[in-house]
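Please brief me on this structure.

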Amino acid sequence: MTKTISALILVSALAAAVPTFADEHMEQHHSEAEAAAFGKVGNAKNVDRTITITATEIAFDVKDITVKAGETVRFVLVNKGEQPHELSIGSADEMAEHRQMMVDMAGMSMDEMHHGEGNTVSAEPGETKELIWQFGKAGTYEFSCNYPGHSEIGMTGPLVVK
């Protein structure tokens, strides 16, 4: 009888977990689909144009960006500031999530945080870094420096894909 009750508890627990697993899988799939629609890491051989963005304390010299769907853009981040800055591109939700991650993971290196995502580069004072991106379908996105407090005081702007 105890084995039967244990088996019923196990079956009930598994049945309850299936919708959760399905929901998580669908959420992950939706996020991957959104990311694919935005674009992907571009190939340097296919760059259509270069956009240089200079970071200072605490501002970008570019206020908004417009690109074409399918275009491959080389973003050059020049850090003329006295503290580290980054250039990150993506949806408003991704940028908000990234800002929260930067707060939650304070003290980690930028390489550990970004782990090869391709849509973010970080530059120490005096450094210049590149990000090459091939844009997907039309939409409104953002570019931002997501170091804590930076985007909140102006290091962000709209990135429109037409």
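**Surface and overall make-up**

The protein chain exposes about 9,500 Å², and carbon and sulfur atoms supply 57% of that area. This is a predicted model. Buried residues account for 36% of the 162 residues in the protein chain.

- Three helices and ten strands make up the secondary structure of the protein chain.
- Read from the N terminus, the order of elements is α-β-β-β-β-β-β-α-α-β-β-β-β.
- Take the contacts in the protein chain with a separation of 6 or more: 72% of them come from residues 24 or more positions apart.

**The five-stranded sheet**

- Five strands form an open sheet in the order β4-β10-β9-β6-β7, and the pairing is mixed.
- β4 (65–67) and β7 (120–123) are the edge strands, each pairing on one side only.
- From one strand to the next, the twist averages 15 degrees.
- Strand β6 (residues 85–90) pairs with β7 in the antiparallel sense, over four bridges.
- Within that pairing, Ser88 has Thr120 in β7 as its bridge partner.
- β6 also pairs with β9 in the antiparallel sense, here over three bridges.
- Ser88 stands opposite Ser144 in β9.
- β9 and strand β10 (residues 156–161) run antiparallel and are joined by six bridges.
- Thr140 stands opposite Val160 in β10.
- In a regular strand, side chains alternate between the two faces of the sheet.

- Arg99 has its place in helix α2.
- The relative accessible area of Arg99 is 18%, so Arg99 is buried. The cut-off for buried is under 20%.
- The side chains of Arg99 and Ser151 are joined by a polar contact of 3.3 Å.
- With neighbours within four places in sequence left aside, Arg99 is in contact with Glu142, Ser144, Asn146, Ser151 and Glu152.

**Aromatic pairs and cluster**

How many aromatic pairs does a search of the whole structure find?

- The search of the whole structure finds five aromatic pairs.
- One of them is Phe38 with Trp133: the pair is tilted, at 5.3 Å centre to centre and 35 degrees between the planes.
- Phe38 lies in helix α1 (residues 2–38) and Trp133 in strand β8 (residues 128–135), so this pair ties together parts that are 95 residues apart in sequence.
- Phe38 and Trp133 are both buried.
- Phe60 and Phe143 form another tilted aromatic pair, with 5.8 Å centre to centre and 40 degrees between the planes.
- This pair links distant parts of the chain: Phe60 is in strand β3 (residues 59–60), Phe143 is in strand β9 (residues 139–144), and they are 83 residues apart.
- Phe60 has 3% relative accessibility and therefore counts as buried.
- Phe143 has 0% relative accessibility, so Phe143 counts as buried too.
- One aromatic cluster is formed by Phe38, Phe75, Trp133, Phe135 and Tyr141.
- Phe38 and Trp133 therefore belong to a tilted pair whose ends lie in helix α1 and strand β8, and to this cluster.

**Gly118**

Is Gly118 buried, partly exposed or exposed?

- Gly118 has 24% relative accessibility, so Gly118 counts as partly exposed.
- The loop between α3 (110–114) and β7 holds Gly118.
- Gly118 and Leu131 are 13 residues apart along the chain, and their C-alpha atoms are separated by 7.2 Å.
- With neighbours within four places in sequence left aside, Gly118 is in contact with Val41, Leu131 and Trp133.
- Trp133, a contact of Gly118, is also a member of the aromatic cluster.

Key
Residues numbered from 1 in each chain as written. Predicted model: local features only at pLDDT ≥ 70, side-chain atom pairs only at ≥ 80, totals over all residues. Heavy atoms only, no water. Phe/Tyr/Trp six-rings, centres within 6.5 Å; stacked < 30°, edge-to-face > 60°. Helix = DSSP H or I, 4+ residues; strand = E, 2+ residues; numbered from the N terminus. Buried < 20%, exposed > 50% of the residue type's maximum accessible area, 1.4 Å probe, protein only. Pairing = 2+ DSSP bridges. Axes fitted to C-alpha atoms, helices over the stretch in contact; angles between N-to-C directions. Polar contact = N/O pair within 3.5 Å; in protein donor to acceptor, adjacent residues only side chain to side chain. Contact = heavy atoms within 4.5 Å. Areas by Shrake-Rupley, 256 points an atom, 1.4 Å probe, with all protein chains shown as cover.
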